[in-house]
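Hi,

Here is the structure I promised to pass on.

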Amino acid sequence: MLMTFNYVDAQELNCTVNVISPRIQGSDKKIFTTLQQSIIEFMNSTKWTNDKYRTEEKIDCNIQIEVTERTSTDEFKGTLQITSRRPVYKADYNSPILNVKDNDFNFRYIEFQTLEFNESGANQNLVAMLAYYAYLVLGMDYDSFSSLGGTPYFQKMQTIVANMQNAPESGWRSFEPNQRNRYWISENINNPVYRPIRTMFYAYHRNGLDVLQDKKDEGLRAIAASVEGLKKVHAEKPISPFMQLVFDAKADEVVNMFSGAPNEIKAIAKETLDEINPSNSGKYLKITEGNN
């Protein structure tokens with residue numbers, strides 16, 4: 001019985017799922033309810049790692065799917081957005097870790113179909129995409145707690161990409177118009193050139209966020225220093241899907257944090273953020289508003 005209870009609590013994700021279809025006409029939408037339940041069971045019942053998790057340690061994440069078109073009885077098009085968060089030490093606050101939207105969510109699904117993942121081979125697009133994003137959630141979470149701790153899960157993402165190169169659906173290949181697709185996110189994360197982004201992610205959370213409650217100014221300086229460390233990689237590779245992925249999740253948080261920092265930290269942080277993440281420069285204006 002002890003073995004059974006250990007495995008009951010072994011799964012890593014606490015994933016909520018919402019499937020909506022406001023553009024789909026007709027009254028027969030029960031299939032979207034069963035799709036939602038199938039995804040919930042798949043994400044929360046699959047054993048993604050070799051680690052054991054207690055219930056309270058599971059990673060909170062959310063999947064929002066909008067089905068925009070039903071092209072046949074079992075074929076669909078839509079979008080998938082996945083977010084995740086992690087607790088901050090000694091704080092009643094959960095830090096956003098991931099916020100990514102995939103506009104190439106095309107899949108087949110038969111009502112009441114069981115979703116099963118084959119780690120060593122090709123999968124249906126629905127299963128491959130869900131597994132890919134499960135490993136992305138895991139990798140980013142592990143990287144935030146230990147330096148480069150997410151490596152095994154990012155490598156599994158890369159394996160999924162390799163196994164899906166002959167899939168008819170888009171999002172898996174380097175030559176597609178969307179240069180922020182699954183291929184390029186995985187390529188960046190696994191490319192040593194972008195490793196400073198991953199080490200920054202660890203320093204930001206463990207040396208910065210997790211010490212804010214005890215040593216606020218020290219934590220803010222550590223966060224500012226971690227972000228400043230991205231200047232070199234940005235200078236070498238100014239267009240990076242991985243860099244954008246990080247700040248899609250973090251932009252609002254850094255604005256909130258640095259807005260209450262000493263002026264010298266604010267100035268350094270804003271200058272750095274404007275340089276490495278210009279797409280969010282409008283948000284970063286708020287950091288130095290009201291400086292003394």
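Below is what turned up on the strands and on one helix pair.

First, the ground rules. This is a predicted model, so local features need pLDDT of at least 70 and side-chain atom pairs count only at pLDDT 80 or more, while totals for chains, interfaces and linings use all residues. Residues are numbered from 1 along each chain as its sequence is written, and side-chain values use heavy atoms, with hydrogens and water left out.

Helices (H or I, at least four residues) and strands (E, at least two) are DSSP runs, numbered from the N terminus. Strands pair if DSSP finds at least two bridges between them.

On the strand side, β1 (residues 13-20) pairs with β2 (residues 59-72) in the parallel sense, over eight bridges. Within that, N18 has Q64 of β2 as its bridge partner. β2 also runs antiparallel to β3 (residues 75-87), joined by eleven bridges, and a hairpin of two residues links β2 to β3. There, I63 is bridged to I82 in β3.

Now the helices. α4 (residues 151-163) and α5 (residues 182-190) pack at about 140°, with axes 9 Å apart (axes are lines fitted to C-alpha atoms over the stretch in contact; angles run from 0 to 180 degrees between N-to-C directions). The two are therefore oblique to each other (under 35 degrees is roughly parallel, over 145 roughly antiparallel, 65 to 115 roughly perpendicular, and the rest oblique). Which residues meet? F154, Q155, M157, Q158 and V161 in α4 meet R182, Y183, S186, I189 and N190 in α5 (contact: heavy atoms within 4.5 Å).

Cheers
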